[in-house]
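Trainee: Can we go through this one together? I'd like to start with the overall fold.

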Amino acid sequence: MAFRIWMLNGQLPNFSKQDNPASFADSIITRLMTYCYLFAFNMWLLLTPSVLCYDWQMGSISLVESFLDVRNLATASFFVVLVILVFQATFSTVFPVSSECY
C-alpha cells in the first residue's frame with residue numbers, strides 16, 4: 001500500500017467517464033441498478049467465463065437506466081440466491097447430531 005501511495009504521489013487516482021461510466025451517471029437510481037447488475041454479471045463470469053474481455057471500459061457494459069430492463073431480473077436472481085446461500089450457511093448444521101456414539 002505504501003508503494004501505491006508513493007507511485008501516486010499521495011493523491012487519489014483520477015478516473016474518467018470512459019473508465020467507469022456508472023460513477024458519472026446523473027441519476028443515483030441508474031448508478032445503483034448498474035452497480036448491482038455488475039455484482040451479478042461478475043458472479044456469472046466466475047461461473048461461466050464465456051465472454052471474457054481484457055478491457056471493460058468505454059461502455060462495454062451499458063448502464064441499467066430503467067426498471068424495465070431485463071438485466072434487473074439477473075440482479076434480482078443473484079441477490080435471491082445470495083440470501084438463500086447465506087441463510088443456508090448460517091442456519092444449517094455442519095455436523096449433524098447422531099444418536100449413535102462411536
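Mentor: Terms before the fold: helices (H or I, at least four residues) and strands (E, at least two) are DSSP runs, numbered from the N terminus. This is a predicted model, in which local features need pLDDT of at least 70 and side-chain atom pairs count only at pLDDT 80 or more, while totals for chains, interfaces and linings use all residues. Residues are numbered from 1 along each chain as its sequence is written, and side-chain values use heavy atoms, with hydrogens and water left out.

Trainee: OK, how many helices and strands does the protein have?

Mentor: Three helices and zero strands. Along the sequence the pattern reads α-α-α.

Trainee: And what share of the residues count as buried?

Mentor: Of the 102 residues, 15% do. Buried means under 20% relative accessible area, exposed over 50%, and partly exposed in between, with a 1.4 Å probe and protein chains only.

Trainee: Switching to Arg-71. Where is it found?

Mentor: Arg-71 is in helix 3, which covers residues 71-91.

Trainee: Buried or exposed?

Mentor: Arg-71 is buried, because its relative accessible area is 18%, and the limit for that class is under 20%.

Trainee: What is Arg-71 in contact with, beyond its neighbours in sequence?

Mentor: Leaving aside neighbours within four places in sequence, Arg-71 contacts Tyr-37, Ile-61, Ser-62, Leu-63 and Val-64. Contact means heavy atoms within 4.5 Å. Arg-71 also lies over the face of Tyr-37, 5.3 Å from the ring centre. That rule asks for NZ of Lys or CZ of Arg within 6 Å of the ring centre and within 35 degrees of the ring normal.

Trainee: Now the rings. How many aromatic pairs?

Mentor: The count is five. Rings of Phe, Tyr and Trp (its six-membered ring) pair if their centres lie within 6.5 Å; planes under 30 degrees apart count as stacked, over 60 as edge-to-face and the rest as tilted. One of the pairs is Phe-39 with Phe-79: the centres are 6.4 Å apart and the planes are at 85°, so this pair is edge-to-face.

Trainee: Which parts of the chain does that pair link?

Mentor: Distant ones: Phe-39 is in helix 2 (residues 28-47) and Phe-79 is in helix 3, 40 residues apart. Phe-79 also forms an edge-to-face pair with Phe-78, at 5.0 Å centre to centre and 70° between the planes. Phe-39, Phe-78 and Phe-79 form one aromatic cluster.

Trainee: Why does Phe-78 count as buried?

Mentor: Because its relative accessibility is 15%. Phe-79 is at 30%, so Phe-79 counts as partly exposed.
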